[in-house]
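Please look through the model below before reading on. The notes after it go point by point.

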Amino acid sequence: MKSVRITIFFSLLLITAFLLLVARCFYLQYFRTSHYLSVCNRQQQSYNIQKPQRGVILDCRGRILAASNKIQTIFVEPRVVTDTESLCYKLAPIVNLDVETIYWLISESKNPGYAKIKVGAAPKQCLDAGKFYGVGVESDWRRHYPAGTLTADVVGFTSIDNRGLGGIELQYDRHLAGSAGQNIFLADAGRRPIRLKQQNAAKDGGGIILTIDTTIQQFAHQELREQYQSYQAESAVAIVAEPKTGAILAMISLPSFDPNNISSADPDTFRNRALTDQFEPGSILKPIVTAIALDAGVINQTEKIFCENGNYHGKGFGRIGEFNYHKYGNLSVREILIKSSNIGMAKIGQRLGSQRLYKGLTLFGFGRKSGLDLPGEAYGLLRTTDKWTGYSVTRIPFGQEISVTAIQIVRAFCILANGGRSVHPFLVKAIVDNDGSILELKQPPPPVGFVISPEVAKWVVTEPM
């Protein structure tokens, strides 16, 4: 009886084990199929990535500001090399490197499948080196900037893997980069390709045409650098714009950097100060506030304003003096601008009042981004009137208690020069496909809407000068 129970027990144990085995096979067959097919494919296939050519960046006259050139790199696959020393002696005269250097590059490589030996190799070097087992040649793209530092702050630069890191290169990285292709090969146990199974072609990146004119950029850069060095300034910016359209013809920020040698550049020079740096504009804001006051009708072009002989004070706004202790009496609006009278501007601000002054400055674009096609633009600082003090309405008219960027100042004066019409600065003239066809042609918005009247704009631009 005992032997029967033992027999039954082992029979049940075998049946259970068999059922578990069947269940396991069923699970692997039906529920893990895709996983093991993927593992199998990875073992049997090798991949070759085709890197696309990054698109060009041109100035408005078609001159190249950024382009990618193809380079060849000779590499060794350390895991398949059986005699490293012998291979080094064979490669040395081909790549013009000493044996010790090549041996060190191979032995110190952290990647067992890749050790870079020669970047930018000549075609004959690639042909001769490729004859040895374990040596390969790959093509890559290297970004080149013919204008160097001249347009660096606008064009920007790329990383070693050709991704945009600044300027237009970053702003339009997706369009410029294109999309990579891939070749799939059937491979042997040593991961060596046997035959091509599938090919997906790479799509080269499109191009960008800027409004920048390199000739104007060169003249502006030269003049700005002379002033920058003469005053031993910490930084300097210059912008040249077409006032009727807002097209940026030149934009310089100093100190700058060489995008062809980015590894040795000071990171502090990477930012475009014309967009990022905020400052109190001072007297340069006076024509703008005067235009706002004339347009609002709180002053007229012929009246005289008493400038307190250089000492203006009152309850709630403190004391205001003139630069260099000038003592002005009655001045016309024209004379207030010519002599740059702080007191005259303070009184104009008082006539305007906080609400009209704030609204006028916002219409001129202060306190907000201009929308230029570059990353990193700052808003500037124009506080809302609920945060103003009694000092604000008398200080802002001569450029204190407000922070601006250079591009905001340029936009404001473009509005004056454009007869009071709104202007939106832009830097990209056209976006083109990799075959040269135009995808998008940037056009300035139609000339509708006035910030101030044309008569006031014309008077402010011409009369005070």
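The points below cover a predicted model.

1. Start with the cysteines. The whole structure holds zero disulfides. Cys25 is partly exposed, at 45% relative accessible area. Cys307 is buried, at 0%.

2. Next, find helix 1, residues 2-31. Ile8 sits in this helix. Its relative accessibility is 46%. Is that buried, exposed or partly exposed? Ile8 is partly exposed, because 46% falls between the 20% and 50% cut-offs.

3. Ile8 also belongs to a nonpolar surface patch.

4. Now turn to helix 15, residues 406-417. It has twelve residues. How far does helix 15 reach from its first C-alpha to its last? The span is 17 Å, close to the 16 Å expected at 1.5 Å a residue.

5. Helix 15 is mostly covered. Ten of its twelve residues are buried. Among them are Ile407, Ile409, Val410 and Leu416. The buried set also includes Gln408, Arg411 and Cys414.

6. Look at the hairpin of strand 15 and strand 16. Strand 15 covers residues 428-432, and strand 16 covers residues 438-441. The two run antiparallel and are joined by three bridges. Ala430, for one, stands opposite Leu441 of strand 16.

7. Five residues lie between these two strands. Within the hairpin, Gly436 has a positive phi near 95°.

8. Some backbone angles deserve a second look. Most residues other than glycine have a negative phi, and most peptide bonds are trans. The next points list exceptions.

9. Which residue is joined to Pro255 by a cis peptide bond? Leu254 is, and omega there is about 0°. Pro255 lies in the loop between strand 10 (248-254) and helix 10 (273-276).

10. Gln232 has a positive phi, near 50°, though it is not a glycine. Find Gln232 in the loop between helix 9 (214-230) and strand 9 (236-241). Its relative accessible area is 73%, so Gln232 counts as exposed, the cut-off being over 50%.

11. Tyr325 is another non-glycine residue with a positive phi, here near 60°. It occupies the loop between strand 13 (318-321) and strand 14 (330-332). Is Tyr325 buried or exposed? Tyr325 is exposed, at 75% relative accessibility.

Note on methods: Residues are numbered from 1 along each chain as its sequence is written. This is a predicted model: local features need pLDDT of at least 70, side-chain atom pairs count only at pLDDT 80 or more; totals for chains, interfaces and linings use all residues. Side-chain values use heavy atoms; hydrogens and water are left out. A disulfide is a pair of cysteine sulfur atoms within 2.5 Å. Buried means under 20% relative accessible area, exposed over 50%, partly exposed in between (1.4 Å probe, protein chains only). Two strands pair if DSSP finds at least two bridges between them. Helices (H or I, at least four residues) and strands (E, at least two) are DSSP runs, numbered from the N terminus. Patches are made of residues with over 30% relative accessible area and no salt bridge: like charges are joined within 9 Å, nonpolar side chains (Val, Leu, Ile, Met, Phe, Trp, Tyr) within 5 Å. Accessible areas come from the Shrake-Rupley method with a 1.4 Å probe; for residues, only the protein chains shown count as cover. A salt bridge is a side-chain nitrogen of Lys or Arg within 4 Å of a carboxyl oxygen of Asp or Glu. The expected span of a helix is 1.5 Å times one less than its number of residues.
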